[in-house]
Amino acid sequence: MTATRSFGLPRARRLIGLLVLLLAAVYVGNAWQTLSVGRWHKPGAAIFPIAVGLLLAISAISVLLEKHGGADDPMPATFSLPAGADLRRLLRVLAAFAIYFLAMPLIGNMIASALFLLASMWLLSDDPNRSLVRLAIYAVVSALAFEVFFVRLLKVQMPAGAFKQWLF
């Protein structure tokens, strides 16, 4: 039997709420200082990050204002970190995230995203009959959709990597 570590859920949620509120404030402040806000008729690059940061701050404040306890509270009083196979799966997904962000500047957003999506779908799938080909098709279609929507349509600057001359 593996030992698990339990945490009080209301206290942990308050700590995470405060951390997210702090990160949202830093994010909005950084976007406000480094990016152009633009004008009313021509918004600048800072509008989207500021909007995301404000939504994140509102979410954090709502978590901080939640009431816990009472007989009819559906939220458990504690939570436990995963152990055993679940912990290994979590660590593998976190490693996939780290590799994704390290590989993106080298091989480009689209290829790194497709590989990350394939790896994460493989790691998170509980289906014993999962098909690598089917997951690869989903990953490539998703990466292409993100590329078309964000990079081509919205003109979001993403790393093209070493293979940019072969990509559309």
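A nonpolar core is a set of buried Ala, Val, Leu, Ile, Met, Phe, Trp, Tyr and Cys residues joined through side-chain atoms within 4.5 Å. In this predicted model, the largest such core has five residues: Ala96, Tyr100, Met104, Ala112 and Phe116. Helix 3 (85-107) and helix 4 (109-124) are the elements that give two or more residues to this core. Helix 3 gives the most, with three residues.

**Overall layout**

- The protein has five helices and two strands.
- Along the sequence, they follow the pattern β-α-α-β-α-α-α.
- The protein has 168 residues, and 19% of them count as buried.
- Its accessible surface comes to about 12,400 Å². Carbon and sulfur atoms account for 70% of that surface.
- Take the contacts between residues at least 6 apart in sequence: 64% of them join residues at least 24 apart.

- Helix 4 has 16 residues. From its first C-alpha to its last it reaches 22 Å, close to the 22 Å expected at 1.5 Å a residue.
- Which residues of helix 4 are buried? They are Asn109, Met110, Ala112, Ser113, Ala114, Phe116, Leu118 and Ser120.
- Helix 3 and helix 5 are among the elements that cover these buried residues.
- Ala112 and Phe116 belong to the largest nonpolar core. An α-helix has 3.6 residues a turn, so residues three or four places apart point the same way.
- Leaving aside residues up to four places away in sequence, Ala112 touches Tyr100, Ala103, Met104 and Ile107. Tyr100 and Met104 are also members of the core.
- In soluble globular proteins, nonpolar side chains tend to be buried together.

**Salt bridges**

- How many salt bridges does the structure hold? There are three.
- Asp126 pairs with Arg89, and their closest N and O atoms are 2.8 Å apart. This pair links distant parts of the chain, 37 residues apart. Asp126 sits in the loop between helix 4 and helix 5, while Arg89 is in helix 3.
- Asp126 is exposed, because its relative accessible area of 62% is over the 50% cut-off. Arg89 counts as partly exposed, at 26%.
- Asp127 and Arg134 also meet in a salt bridge, at 3.9 Å from N to O. Asp127 is partly exposed, with a relative accessible area of 33%. Arg134 is partly exposed too, at 35%.
- Arg152 and Glu147 form a salt bridge as well, at 3.5 Å from N to O.
- Is Glu147 buried or exposed? Glu147 counts as buried, because its relative accessibility of 8% is under the 20% cut-off.

**A nonpolar patch on the surface**

- Which residues form a nonpolar patch on the surface? They are Phe146, Phe149, Phe150, Leu153, Leu154, Val156 and Met158.
- Together these residues have about 640 Å² of accessible area.
- Leu154 lies in the segment after helix 5 (132-153).
- Leu154 has a relative accessible area of 47%. That value falls between the 20% and 50% cut-offs, so Leu154 counts as partly exposed.

Note on methods
Residues are numbered from 1 along each chain as its sequence is written. This is a predicted model: local features need pLDDT of at least 70, side-chain atom pairs count only at pLDDT 80 or more; totals for chains, interfaces and linings use all residues. Side-chain values use heavy atoms; hydrogens and water are left out. Patches are made of residues with over 30% relative accessible area and no salt bridge: like charges are joined within 9 Å, nonpolar side chains (Val, Leu, Ile, Met, Phe, Trp, Tyr) within 5 Å. Accessible areas come from the Shrake-Rupley method with a 1.4 Å probe; for residues, only the protein chains shown count as cover. A salt bridge is a side-chain nitrogen of Lys or Arg within 4 Å of a carboxyl oxygen of Asp or Glu. Helices (H or I, at least four residues) and strands (E, at least two) are DSSP runs, numbered from the N terminus. Buried means under 20% relative accessible area, exposed over 50%, partly exposed in between (1.4 Å probe, protein chains only). Contact means heavy atoms within 4.5 Å. The expected span of a helix is 1.5 Å times one less than its number of residues.
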